[in-house]
Amino acid sequence: MSIIPTNPSMPRGDQDPPVEPIPVPAGEALTAGRHAHLRAENVSVTFGGRQILHNVSLTVSAQSRLAVVGENGRGKTTLLHVLAGLLTPDTGSVHRVGTIGLAEQMLHVEEGRTVGTLTAQALRSSHAAVRALDAAADELARGVQGAEQRYAAALEVATDLDAWDAERRVDIALEALSACTDRSRLLSTLSVGQRYRVRLACLLGARNDVLLLDEPTNHLDADGLAFLTDRLRAHPGGLALVSHDRALLRDVAHEFLDLDPSEDGGAHLYAGGYDGWREGRRRDRERWEHDYTAQQVEHRRLQVAVQQARDRLSTGWRPDKGTGKHQRQSRAPGVVQALNRDREALEAHRITVPEPPPSLRWPDLSARRGAALVRAQEVRHTGRLEQPVTLHLDGGDRLLLTGANGAGKSTLLSILGGDLQPTDGWVHQVPTARVAFVRQEVPDWPEGVGAKEVHERYTGRLIAAGRLRDSEVVPLGATGLLDREAMRTPVQRISQGQQRRLDLALQLSVRPNLLLFDEPTNHLSMALVDELTSALLDTPAAVVVATHDRRLLADLAGWPHLNLLPAGAADENPDVQQKIAR
C-alpha cells in the first residue's frame, strides 16, 4: 500500500517500473473531504517506443465510483500510477487535491519489513493527527498565542481521518480478510496471498480521500470479497479501481473508462454502471466491425474496377490487325480517362478503420470422453491439505473446487498436476494424459527472452521427451491471446495480464486433455474471461477449476463441486471426508 501526498512527482523510466511508496511526513498529506479529486487532462505515456496511453482525460471526484477496464497491456495499471503521481506522463497533466491510497497489483517485499511496517505506514497520518491535536490541546491549556486556531485545525484533520478509530479499523480489516495480525511477522515469511491481504487491510483501515485499487480481489475468498465490497460501497471518498471481478464491478462501479482499442483510437467513458458499459461497448464494437467490413468491401470493389479498366485499355490499345482497328483506337482516350478516374478513386479511398482485435481462438482439443486420465486415492499433504481426497478424472469430466483460503485447493491441484507428491495416499496419471496447469501466479520468466522463444523452449522440451509430436503443437499466435507487439517484447516487460495470457497459450499449445485452473480469472480482462468461460463449458477435455470469482462460480454452478474444509475441520468432525468418483 502507498499513501500518496498531494502533488508528488517522480521521474519515469523507459518501462512501467516497480515503484516504491512515497513516505509521508507528518502533516504533509491532508484530507480534503468533499473537495477531494483527481483530474487528468490529455495524458499520454509511451514505453519503449509503444504508446500505452493516448490523450486520456478523466476526473475522479469525492463521489466517483470509476472502473478502469480494458484488455491486458492497455495501460490500466499505468493510468493508476499516473493518477497517484508515481509516474510522470509524457504529455498532459494531473491535478490532485486530498490524500490518495494506492493498492498496486505488485507488492515488492524488502528484507526486514514486517506486517507492522505496513500497518504503521497506513496509520501514519492518523497517528500524526492525534499527536498534533494533543500538542495543540497542551498549547491551548497553557494559553499559548494562536493555540485556538491550531487546535481547531488539528481537530478538523483528526475528525476527517477518524484518527481515534484507525487502529481498530485496521484490526477489523485484517481479521475480515483472514490476514496475518501479528505485527512482528516478516512479510517475506508470508505467502503471496497473505501479503496481499495484509496490504489491502491496511488500505481499507486507513481513511483516504481517494482510493486507487489495482486488482484488489486477487487472493480473497468469499468472506473477504463480501467485506471488500461492503467497504468500497461505504467509502465516503472517491474510488477508481482496476479489476477482473465482474461481480465487484457490478456491485460498486457507476462509470467505466474503457481503454480497449476503439475505432477512433481513444478511451471511452460509459455511464449506467456495469450493464450500461456492456451495452455501450457492444454497440461500439458492432459499429466498428460494420465500418471495417464496409471499407474492405469498397476497397476491393475499387481494386476490381481499376483492374477491369486496365484490361479494357490493353485490349483496346493493342488491337489485332484487321477490321475495326480505327474504331477500337478511337475508344482508347475514353478508356484511359476511365482508368485514371478509377485509379484516383482507389488512391483517395484510404483504409481509415483499423481491424478489430482478435478474440480467443480455442484450439481443437481432441480428448476422448470417458477415457481415464488421473486417479487420486486418499491424498493428503501435511499442513496444506489435511482432509483426504479421492478423485477419478476421465475425459470430459468437470469439477469445481471451492473452500476458504488455506483449505488446500492449490495444493490439491498441484498434486493432480504432478507438481507435488502427497504425504499420504497416491496419485496416478495414465500415460496418455496431457495435463495443463494454469497456476495462480505466472512463472518466473527467463531474463530478456521473448514470448516466441519461451513457446519454442516449452514445446521443444516436450517434443524431445517424446510427450508431444511437432505436428500437434498449437502455434503461439493461433490462440489470439497475444498481439504482435507483445510477442516481440521481452516477457518480463509485458504486463501481468499479458504474462498470464502467455502462460495460458503455453498450456494450450500441447493440446491437453486435462485442464487444471487455479483462479483462472486473475489478471485477465473481463472480455477474455467471458470467452474463456464459454470455452471451458464446451471443451471435450476434462476441466478442474478452483476459484473464488463469484461470477465464474455462478457460470459453473451446474458442475459437480468439491468443497474443501480448512485445517482442523475434519478433526472436529471425523465423519467428514469428501470423495468424488465415477
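Visitor: How many of the 5 residues of strand 7 are buried?
Guide: 5 of the 5. Strand 7 covers residues 210-214, so it is largely enclosed by the rest of the structure. Buried means under 20% relative accessible area, exposed over 50%, and partly exposed in between, with a 1.4 Å probe and protein chains only. Strands (E, at least two residues) and helices (H or I, at least four) are DSSP runs, numbered from the N terminus.

Visitor: What should I know about the model?
Guide: It's predicted, so local features need pLDDT of at least 70 and side-chain atom pairs count only at pLDDT 80 or more, while totals for chains, interfaces and linings use all residues. Residues are numbered from 1 along each chain as its sequence is written, and side-chain values use heavy atoms, leaving out hydrogens and water.

Visitor: Back to strand 7: which residues point which way?
Guide: V210, L212 and D214 point one way, L211 and L213 the other.

Visitor: Which strands does strand 7 pair with?
Guide: Strand 6 (residues 100-103), parallel, over 4 bridges, and strand 8 (residues 238-242), also parallel, over 5 bridges. Pairing takes at least two DSSP bridges between the strands. A103 has L213 as its bridge partner in strand 7, and V210 has G238 in strand 8.

Visitor: What do strand 7, helix 7 and strand 8 make?
Guide: A right-handed β-α-β unit, with helix 7 at residues 222-234. Right-handed means that, with the strands pointing away from the viewer, the path from the first strand over the helix to the second runs clockwise.

Visitor: New topic: where does P443 lie?
Guide: In the loop between strand 15 (435-438) and helix 12 (451-464). P443 is partly exposed, at 35% relative accessible area. Its C-alpha is separated by 8.6 Å from that of Q499, 56 residues apart along the chain.
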